[in-house]
Amino acid sequence: MAEKKDPRLVAFARENRKFDNPTAKRVWGYLRARRANGFKWRREQIIGPYIVDFWCAAAQLVIELDGDSHVGTEAYDQRKDQFLELQGIEVIRVSNVEANEQWQEFLDHVCCRARSRVEELGISGEDYRVT
């Protein structure tokens, strides 16, 4: 049975989906509908006590975009990353500025890591497309 999620986190994640920053909207435009090499991504996903920006379950991969709201939250972000890594989840953390200024490199890196992760996890080529 699935773990019950904190209703406050669920509500907060829903609100976050409504107010994406421009970079998050741009990233979601690329990731949604399996546009990134067939991988299924979710946005504002709850994992344990945290909400992550983008989550690919098949690759056990998270993308975290750091914008103005992350100024002064470095210790929290570090605890979040450590929690996720202890769950076997890889975190790609990038600033909004970096993602925008190096857009193609950022997308290439995400796709490359997703492909590598499914190989590391022993998932065959077609299996990740059905999750």
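Does Tyr-50 count as buried or exposed, and what is its relative accessibility? The first legend gives the answer. This is a predicted model, in which local features need pLDDT of at least 70 and side-chain atom pairs count only at pLDDT 80 or more, while totals for chains, interfaces and linings use all residues. Residues are numbered from 1 along each chain as its sequence is written, and side-chain values use heavy atoms, leaving out hydrogens and water.

**View A. Tyr-50, Tyr-76 and Phe-83 form one aromatic cluster.** Tyr-50 counts as buried, at 12% relative accessibility (buried is under 20% relative accessible area, exposed over 50% and partly exposed in between, with a 1.4 Å probe and protein chains only). Tyr-76, at 37%, is partly exposed, and so is Phe-83, at 23%. Rings of Phe, Tyr and Trp (its six-membered ring) pair if their centres lie within 6.5 Å; planes under 30 degrees apart are stacked, over 60 edge-to-face, and the rest tilted. Tyr-50 and Tyr-76 make an edge-to-face pair, 5.6 Å centre to centre with 65 degrees between the planes. Because Tyr-50 lies in strand β2 and Tyr-76 in helix α3 (residues 74–86), this pair ties together parts that are 26 residues apart in sequence. The rings of Tyr-50 and Phe-83 have centres 5.4 Å apart and planes at 55 degrees, so that pair is tilted.

**View B. Strand β3 (residues 61–66) is mostly covered, with 6 of its 6 residues buried.** Helices (H or I, at least four residues) and strands (E, at least two) are DSSP runs, numbered from the N terminus. In a regular strand the side chains alternate between the two faces of the sheet. Here Leu-61, Ile-63 and Leu-65 are buried on one side, and Val-62, Glu-64 and Asp-66 on the other. Strands pair if DSSP finds at least two bridges between them. Strand β2 (residues 50–56) runs antiparallel to β3, joined by 3 bridges, and Cys-56 stands opposite Leu-61. Strand β4 (residues 90–95) runs parallel to β3, with 6 bridges, and Asp-66 stands opposite Ser-95.

**View C. The largest nonpolar core has 24 residues.** Such a core is a set of buried Ala, Val, Leu, Ile, Met, Phe, Trp, Tyr and Cys residues joined through side-chain atoms within 4.5 Å. Among the residues with the most contacts inside this core are Trp-41, Phe-54 and Ile-63. The largest share, 7 residues, comes from α5.
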